[in-house]
Amino acid sequence: MAEYLQEVSRTFNEFLFLPNLTKKDCILSNVNMKTPLVKFRKGESSAIELNTPFVSSIMQSVSNDTLAIALAKMGGVSFIFGSQPIENQVEMVKAVKGFKAGFVESGSNLSVNDTLKDVLAKKREFGFSTMGVTEDGTSTGKLLGIVTGRDYRVDYDASTKKVEDFMVPFAKLITATIGISLREANDIIWENKLNCLPVIDKNQNLQYLVFRKDYDGHKENPFAALDSDKRLIVGGGINTRDYKERVPALLDAGVDVLCVDSSDGHSEWQKETIEYVKQQFGEKVFVGGGNIVDKEGFAYMVSAGADFVKVGVGGGSICITREQKGIGRGQASSLIEVAKARDEHYEKTGVYIPLCSDGGITRDYQMALALAMGADFLMMGRYFARFDESPTEKLMFEGSYVKEYWGEGSNRARNWERYDMGDEEQGLKFEEGVDSFVPYAGKLKDNLEVTIAKIKSTMCSCGSLSLSELRSKARLVLLSSASIVEGGAHDVAVKKVGS
């Protein structure tokens, strides 16, 4: 006979915070949203911490290099989607790691025999106006000079003009030697009024470029998620099929953290994948697992060695797993049970395993609810798909601007690997995701700043200045259908914009 659970499957929409005492120090500027990304032992810190508790979903229509850069600047992290050729995913990871407020590997280089035509072609291809000129034209060859946008005139100079005739030669360059700190490099830039400082080794081989604009960018993004070399942090999605080829390639590209992209993490295929990563590359290579909805699934992920666990099945706005298969659970119920299991595991073993809440969020205040219920960070797709930085085009649809957004289980994504049931034959007979539009919302930074302010305001009303304090102090109450209506604008005629 089937097992019947008496507990109702509940969503975030059924809960509300009760206010606690708001003390005078409970102001937005005092709220700290730092949170661990990967597991750690009691008394220690997580090897990777986020300054804001947001990660973007492992989806074709969400997480490319452009969005990853924008989100990392704001303190979160993106997991570059894995439902693409390995080499394409690798290039996206490299693009994020190369975009940083610090030591930048020269991504576009020239030789002295190249021409102005070559310079302009590389500028169009890579978007860089400053390029190193090396003996062999590579990023680490012997540095012979630098070309910037101020060294030529497109409407005056011949396209056949040789680079050696208009570059700034090495003898006139101010350079630094490998081993210099970022602070020291920035001091040289400011003292000499430079826009770019080449960093070379003892043999004059180019190693890095340090830019004035990156220093300015760092000042504008003080909470950016950075690695030990001051590069932006980026994650990569993997599947349970080609992980033996994909994982080494992503690690070589500099990926900071991996995550198995799967509809159902409570499977032997996922455990084999995580165990392979740990056995082949050790504990310093971090990989998250999921998705799961209960304490049994959490225990299974722990036994596999997951560094964080994703919670949620069927709650995404484009996910139809529950409709198609009848599999899943309300996101609030899932998170509450798994968080309890996580806390018990921590008390028993001294190992804290962060939880990622994935799906079920439609409003900003529900993000605060998920964090109060035990999530350490939130994975979102629809939220990020709306922004300029997501991969899809902005379109006009029925009089409004929208962006395309499709599920990884849709026929359009054709990402059947995430629904691995062990069959060698690729493909599924039905979809578990839809193809849709989401309202266009503008720039990520502008929207995320508002969202963060709302969450911090909710935390202050709960008397909490940190996420751990929110989890311990928050008081939640279930809502009736009548109180849900009461919570919005009602019994009035709402004015239209401009009226």
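Helix α11 (residues 364-372) packs against helix α13 (residues 444-461) at an angle of about 55°, and their axes lie 9 Å apart. Helices here are DSSP runs of H or I with at least four residues, strands are runs of E with at least two, and both are numbered from the N terminus. Axes are lines fitted to C-alpha atoms, for helices over the stretch in contact, and angles run from 0 to 180 degrees between N-to-C directions. The angle makes α11 oblique to α13; angles under 35 degrees count as roughly parallel, over 145 as roughly antiparallel, 65 to 115 as roughly perpendicular and the rest as oblique. The crossing of α11 and α13 is right-handed, the near helix being turned clockwise from the far one by less than a right angle. Asp364, Met367, Ala368 and Leu371 of α11 make the contact with Thr451, Lys454, Ile455 and Thr458 of α13, where contact means heavy atoms within 4.5 Å. These residues divide into 4 nonpolar, 2 polar and 2 charged. Ala, Val, Leu, Ile, Met, Phe, Trp, Tyr, Cys and Pro count as nonpolar, Asp, Glu, Lys and Arg as charged, and the others, Gly among them, as polar.

The model is predicted: local features need pLDDT of at least 70, side-chain atom pairs count only at pLDDT 80 or more, and totals for chains, interfaces and linings use all residues. Residues are numbered from 1 along each chain as its sequence is written, and side-chain values use heavy atoms, with hydrogens and water left out.

The crossing of α2 and α6 is right-handed. On the α2 side, Ile86, Gln89, Val90, Val93, Lys94 and Lys97 meet Glu245, Arg246, Ala249, Leu250 and Ala253 of α6. This contact has 6 nonpolar, 1 polar and 4 charged residues.

Most residues other than glycine have a negative phi, and most peptide bonds are trans. Glycine 290 and asparagine 291, however, are joined by a cis peptide bond with omega of about 10°, and asparagine 291 lies in strand β17 (residues 287-292). Lysine 193, a residue other than glycine, has a positive phi near 55°; lysine 193 is placed in the loop between α4 (182-191) and β13 (196-200).
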